[in-house]
Amino acid sequence: MSSHAAGTIDHHHDPSTSTGIPNKKLMMWTFLASDCMFFGALISTHLIYRLHPAPGSPQPKEIFSLELTSFSTFILLMSSLMMALAVTAIQKGNVKSMRWSLLTTIFFGTIFLGCQVYEFVEFATLKNLTLTNSMFGTTFYTLTGTHGIHVAIGVLWLILMYVRSFQPPEGQRTFGWLFKNCLHVSAIVGAVLLSMFAILGVVHTIQTGGTTASYFASHLWMIVGFFATIAVAVSFWRQKTAVNFGEANAIDVESMGLYWHFVDIVWIVIFTAVYLIEYL
Amino acid sequence: MDAILKSELQVKDTAAPAKSAVFWRPTAQTGLVSWLTTVDHKKIGFLYGVFALFFFLVGGVEALLIRLQLMLPNSSVLTAEQYNTMFTMHGTTMIFLAIMPLSAAFFNFIMPLQIGARDVAFPRLNAFSLWTFVAGAIIINLGWFMPDGAPNVGWTGYAPLTSKTYAPDHSVDMWIMGLQLLGVASIAASLNFIVTIINMRAPGMTMMRLPVFTWMTLFTAFLIVLSFPFITVALVELMMDRHFGTSFFEVSGGGMPILWQHLFWVFGHPEVYILILPAMGIISEILPTFSRKPLFGYPIVVFSGASIGFLGFSVWSHHMFTTGMGTVATAAFALATMAIAVPTGVKIFNWIGTLWGGHLSMRTPMMFALGFVWMFMIGGFSGVMHSAAPADAQQQDSYFVVAHFHYVLIGGSLFALLAGIHYWFPLMFGRKVSEFWGKLSFWVIFAGFNITFFPMHFLGLNGMPRRTFTYDTNLGWNAGNFIATIGALILGVGIFIYFAVMVYTFLKGEKVGKDVWDARTLEWSLPNPPPEYNYRVIPTVHARDALWYIKQNPAEIAKEDAAKAKIEADHGGIHMPHQSIYPFVASLGMFVAGVGISAIDHDPTPGFWGKKIGITLIGGAIMCLGIYWWAIEGNEGYHLHLDEDGKESKDKKADHP
């Protein structure tokens, strides 16, 4: 298809632009500046209301589980490592290695999201912290929920990029391909959601003292669905057709990586300004 | 799947078919489809202009109704509720749906031409910005056609007026949703402009050779990107209060209404500069052209623009001097506000320096530009008066403030935009407004504007509060209000003449050749109207006044162009992006979802599925499909091959950029 040898594109200089910075990268940096202000405003709201608690406000220390949040923070940081490896791989033209790294990033992102779902449910049902029953709940759920949405969008983007790495050359993009492409995306999105809720089901069963039989009775369809989606994904992986994805797409992966790292950094700030600050 | 596969970056894929099997590749050059699918920055700019002028007329009618109500004491042209709706919609419409998109029209149309580019960096994103702006504008105005009515909480939407207690219907929800969509549109457009200006400059167009209008576009785009997130957050919080029962701004739940004011003005004050910086850029183009001189002190004008933008983020609380922030905060914001007068004054002096000793040519754009300098100064002076916090305590929420911001927004922004329309009209459409009618409209607008707003200074100092629906006969406000309303009617006549003449000129005006004003910037090197691909050969820039140099050194430029044209032809000709419908689809989805969230009643029966959720989800699905199709259709395009005279032979073969 192409006469390029691996590693011949200069990934730090784009001769077609005035500055040498690729347009997509510059765009992403500027967007992240904007997103900084967005999170800045949300974090400020939380900190301002933290300084002005209403009488009878809940005690955050009694609600938080620092162990769980530290764990999910660590996982999110490790996902950044995998993201960086994916960028390095595709810059060397190694599509297969990039796919593994992307899948791992997706996996870690899913763990983080699962922890957040668990945390929200736990806080709402056991600790009686809801969106509306105190200002702390309002700002906490709004801020961390907005971050969670950012992570979820990131995971979706990773999935779409992963599927895109199977894209055939333009001439072969038919309706059959379009159908398969959508099936591929649905399979992986399904696998992420089903695995997350199946595992959360295990935790729930242990916590409420349920039996293995009761777990399988209520979660069988999730487990079956999970394996079905994995089977679909594996069959796509094993296809041996030509793909139109390689070193030239490194900039797309790198821009996505910038977003992913940014969302991580925001979480470090949130972890400090929302969680750790309560233990000072 | 072990092979390491690479896609082609520079290699042409000649085997690719002309038509995509899956994606619609519209090629219409005329008709509705061509407008809905266009990715041409000039067509998008034109559409921005058309929509902005439409909403400008709507806002103008609202203003005239306000003035008619206030013409006489104890008047009943409007009810109090209708009056509230009018001033809310007048402010919202003029700021977000008239001045901002009119500036965006110039950003789109002129800026890429000024830097010698063939399009913006992300043409489809540009189309998305346009259609999302239209979606937001429609949602804000939906209330006129609904029993709930249009929003009536002031363009500032202060808490707790916007709470469910005081605004139980959908009007505020539509205001929130419309503004959110406008925010998305503005940020997306600004990201595009920033990348375009920094990365798509022609060879030789260094940053310090950029035309000042392009510089101001860059600063404005940065202001939008950095300030709009604050109103996004404020509106998200307000929406959570209204839809999900939180109490960000509800005192009963521990909320603080003052937080709304801070978040709003952290956005709102940079917004003031978002409205005025493009105007300053336009003026900095027009004055040198009609003074037959280069702009005086170019670097100073640029850096003062930057410092205005920078300081603009540190003065928001001067809108809140009377809220009791404490003396330290008040003093700090007062000082920062006074500091902004310095770079603004520097610009004024540079414009005067440009005029000084120039060979002034009093054409219509120049008249509006000179009107701008004078009127904007008056608005600036009353602005400095507000910066003194003790004085502001007297002026707060009075007609003095109304006079001030109309002097900077009409006498400032609008005069400059009207000047810009006159200035670039020959480039855009190849026709020119007659000097008599142009100047007549200027003088009527100028007189009407001053008769309307100058008396408001006195009304304000005599204690007439802003946003008052009527007044009694014995308050001493009768004469001022009557004069102001007469002025408003004159201003209305002036605006009518202006647009009637524009429409006439568009259809039947005098045809003019290229570079009608003998100007200095690159866009005037193009034939009018500019071809789809803008530049047959990407120009090489040798001087700050690029076209001036080209006109002085024709032989050198001709040689350079011939060499470049050959190189480009060898590389496959001029690359053009395909038209695409998917940005429009994404915006359409946002519109449907926005209507679902903001304008549809909650279903009375409990349960998840219902009309509101259903419409919102359908809209969301359309949006996701639009974005995904947009992503996977790819950014392939086609190539144009031009001969010496610019006649094209289209090569529709798909090609990778």
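Biologist: How many residues of domain 1 of chain A are in contact with domain 2 of chain A?

Modeller: In this predicted model, the domain assignment of chain A gives domain 1 as 20-165 + 245-280 and domain 2 as 167-244. Two residues are in contact if their C-beta atoms lie within 7 Å. By that criterion, domain 2 of chain A contributes 14 residues, and the number from domain 1 of chain A is 14.

Biologist: Which elements give two or more residues to the side of domain 1 of chain A that touches domain 2 of chain A?

Modeller: By class, this side of domain 1 has 10 nonpolar, 3 polar and 1 charged residues. The elements that give two or more residues to it are α4 (95-125) and α5 (135-164) of chain A.

Biologist: Which element gives the most to the side of chain A that touches chain B?

Modeller: The contact takes 49 residues from chain A and 46 residues from chain B. On the side of chain A, at least two residues come from each of α1 (23-51), α4, α5 and α6 (175-207). With 13 residues, the element that gives the most is α1(A).

Biologist: What radius of gyration does chain B have?

Modeller: The C-alpha trace of chain B spans about 80 × 75 × 50 Å along its principal axes. A compact globule of 657 residues would have a radius of gyration near 26 Å, so the value for chain B agrees with that expectation: 26 Å.

Biologist: What percentage of the residues in chain B is buried?

Modeller: Chain B contains 18 helices and 5 strands. A residue is buried if 20 or more other C-beta atoms lie within 10 Å of its own. Of the 657 residues in chain B, the buried share is 54%.

How values were computed: Residues numbered from 1 in each chain as written. Chains lettered and ligands numbered in written order. Predicted model: local features only at pLDDT ≥ 70, side-chain atom pairs only at ≥ 80, totals over all residues. Domains from an automatic or database assignment. Helix = DSSP H or I, 4+ residues; strand = E, 2+ residues; numbered from the N terminus. Nonpolar A, V, L, I, M, F, W, Y, C, P; charged D, E, K, R; others polar. Rg over C-alpha atoms; globule rule 2.2 N^0.38 Å. Buried ≥ 20, exposed ≤ 12 C-beta atoms within 10 Å, placed from the backbone.
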